[in-house]
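Trainee: Please walk me through this one. I'd like to start with the aromatic rings.

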Amino acid sequence: MGQIIGIDLGTTNSVCAYMDRNEPRVVINEEGGRVTPSVVGFTKGGDRFVGDIAKRQMLINPDATIHSIKRFMGRRFRDVTSDLRLVNYEVLEAPNGDCVISVNGRTFSPQELAAMVLQKIRKSAEDFLGEAVTEAVITVPAYFTDRQRQATRDAGTIAGLDVLRIINEPTAAALTYVHERQKASTIAVYDWGGGTFDISLLEVNRDVAEVRATRGNNTLGGADIDRRIVDWLLDHFTAQHGIDISQDKIVMQRMRDAAERAKLDLSTAPSTEIHLPFLVSDSDGPKHLQCSLSRTTFETLAEPLFQKTMQECRLALQDARIDVDDIDEVIMVGGSSRIPRVQELARELFGKPLNKSFNPDEIVAIGAAIQGGILEGEIKAITLLDVTNFSLGIEVQGRRFATLIPKNSTIPTQKGQLVSTVVDNQRTVKIHVLQGESSNASENVSLGEFELQNIQPAPRGVPRIQVKFGIDVSGIVSVNAKDLRTGLSGEIQIEAPTGMSKLEIERLRSEADQANKQDEAGQALKQLRNKVEKQLVTLESFLRENHGMLPKQDIFELEQALKRGRMALLKADDDRNLRSLLGYLQRFHQHLTKKLSQQASIH
Ligand code: AMP
């Protein structure tokens, strides 16, 4: 069995870690970085890039550079309207109501795009570890719904990974804590990244991590903070120039970029300059944006978002029935937790210094690797008792929501419910499964509807159907129903609430695999062409330097070889021809060098 890798698939960046015997380590990617931007870029020519190179083209090609993919994973289009303001590319509604992303005339599901990021991570891990990698533990925000978890698992499958476990990001952070500290404490993990916020309260000791409560917001992250700055910049620009530039995609991308940079600066400096020259131009000439943003103004703009996270922390303490004084350590995770005002608020709320000894970008991936190590039996087992973050239930008469498994129940968990028919001789019963806290079913997240068929004809209320709802260790829901009179049961897994069937996932997986092979073949051809090019340049300078010493015949042959080489580079797309040409050029070069050195020794 190969290594099980741990992946923190982030909204902004992703990190991959593995266990090196008992020590978790971060994988260094092909670019030499520990963090890979979760960005996929496409060129008009059909090329695809992932990570740093993709991120670099964001400013010049904003509608074909897909970031924040995680915000659309497993979510219905009707629920993402406010997220559309955060991106410059086109998000559309799929026929089944899910989100799809349109790039250069092609549409991709968020799962396919996330799979491209995962594939890159997998490849980096394989190169780094020098072995095939097929198994992974992937982390998700604690507040991810079942649909979002399924979508994450599907993305892993498409990327060719067997996703052994999905674990919550703050829980992964707590695993890192348990692995390193091994002491009994009550800890709070405050996790604020680029797209989501989670707070988890845990009780840990030497070998158990028990989540007491979790709360969060799946649409509250660093990108929302950036958006506040962008709105401020837009107001500033409109007041100065009287022009509305909010519809220009390139301008908006430049603004977002500048806003994020300003935010990062303000984590260390009291104020920062924002300078965007030649933003637009009209008949009066080019218009620039130049202004100064102080930390105080920034904090005023973003304070409502900071407060939202603090409110979630208070509610989590209530849910867990833990007194704030009983929290021993507060661990800050995710890039946005670096904001000084956020740290100040967290310190005030919890009334103690924050634990900053862990790297907030890596602690989650490391926890995922530790979970992988536990599954492999490589490291001492830590019992992880996580909880469901939403109540699970069914729709009952009057469009009401009946809770079956309340939130913050320890997982895995199961709950049975007897249901019956409402009219005489009813042959089918539909069960609508939802997740959420509202008593009104339509305000909760629908996980899917399934139908129990072939119920024996009987007066209403007589059939007795036992429905069992389960939530596994990955937080994924399954539903199973049985007619107690007939014993008829259908194991009804809610397999594809994101609209992706197993078949479709399999098709995408083999397409992704194929695309990957083509990419690799393309890369190999590019490298070969580069080698030929280099050899030609070497021979050209060799000819210039030694023209006077070479016999006419050799000069003629060399010139012919150079011509052939240049022609081949112009048209060749066949690596066999290029390879043999390269061999010929190298041999010819060696032959001439030897000849010249023999001549020199005779003279
Ligand atoms: P993550 O999802 O944990 O990678 O966090 C990414 C988010 O953290 C992005 O929105 C970043 O802009 C933000 N971030 C990273 N470093 C800092 C910092 N020093 N100050 C403020 N925000 C930061």
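Mentor: Ring pairs come first. Rings of Phe, Tyr and Trp (its six-membered ring) pair if their centres lie within 6.5 Å; planes under 30 degrees apart are stacked, over 60 edge-to-face, the rest tilted. This is a predicted model: local features need pLDDT of at least 70, side-chain atom pairs count only at pLDDT 80 or more, and totals for chains, interfaces and linings use all residues. Numbering runs from 1 along each chain as its sequence is written, and side-chain values use heavy atoms, leaving out hydrogens and water.

Trainee: Which residues do ring pairs link into a cluster?

Mentor: Tyr 190, Trp 192, Phe 197, Phe 298 and Phe 306.

Trainee: How many aromatic pairs does the structure hold?

Mentor: Ten. One of them joins Tyr 18 and Phe 128. That pair is edge-to-face, 6.0 Å centre to centre with 65° between the planes. Tyr 18 sits in strand β2 and Phe 128 in helix α2 (residues 110-129), so the pair links parts of the chain 110 residues apart. Helices (H or I, at least four residues) and strands (E, at least two) are DSSP runs, numbered from the N terminus.

Trainee: Is Tyr 18 buried or exposed?

Mentor: Buried, with a relative accessible area of 8%. Phe 128 is partly exposed at 37%. The cut-offs are under 20% for buried, over 50% for exposed and in between for partly exposed (1.4 Å probe, protein chains only).

Trainee: New topic. What is the volume of the largest pocket?

Mentor: About 1,100 Å³. The lining of that pocket counts 46 residues. Closest to the pocket's centre are Thr 12, Asn 13, Gly 194, Glu 260 and Lys 263. A pocket here is an open set of points on a 1 Å grid over the protein atoms alone, where a 1.4 Å probe fits, with protein on both sides within 12 Å along at least five of seven lines; lining residues have an atom within 4 Å of a point. Points join across faces, edges and corners, and the volume is the space filled by probe spheres set on them.

Trainee: Which element gives the most to that lining?

Mentor: Helix α6, with seven residues. At least two residues each come from β2 (13-20), α1 (52-56), α5 (222-241) and α6 (249-265).

Trainee: Where does Ala 259 lie?

Mentor: In helix α6. Ala 259 is buried, with a relative accessible area of 0%. Beyond its neighbours within four places in sequence, Ala 259 is in contact (heavy atoms within 4.5 Å) with Asp 226, Ile 229 and Val 230. Asn 205 is 54 residues away along the chain, and its C-alpha lies 42 Å from that of Ala 259.

Trainee: Last one, α9. How many of its residues are buried?

Mentor: Twelve of 14, so the helix is mostly covered. The buried residues include Ile 363, Ile 366, Ile 370 and Ile 374, and also Gln 371.

Trainee: What span should helix α9 (residues 363-376) have?

Mentor: At 1.5 Å a residue, 20 Å. The rule is 1.5 Å times one less than the number of residues. The end C-alpha atoms of α9 are 20 Å apart, which agrees.

Trainee: Which residue follows α9?

Mentor: Gly 377, with a positive phi near 80°.
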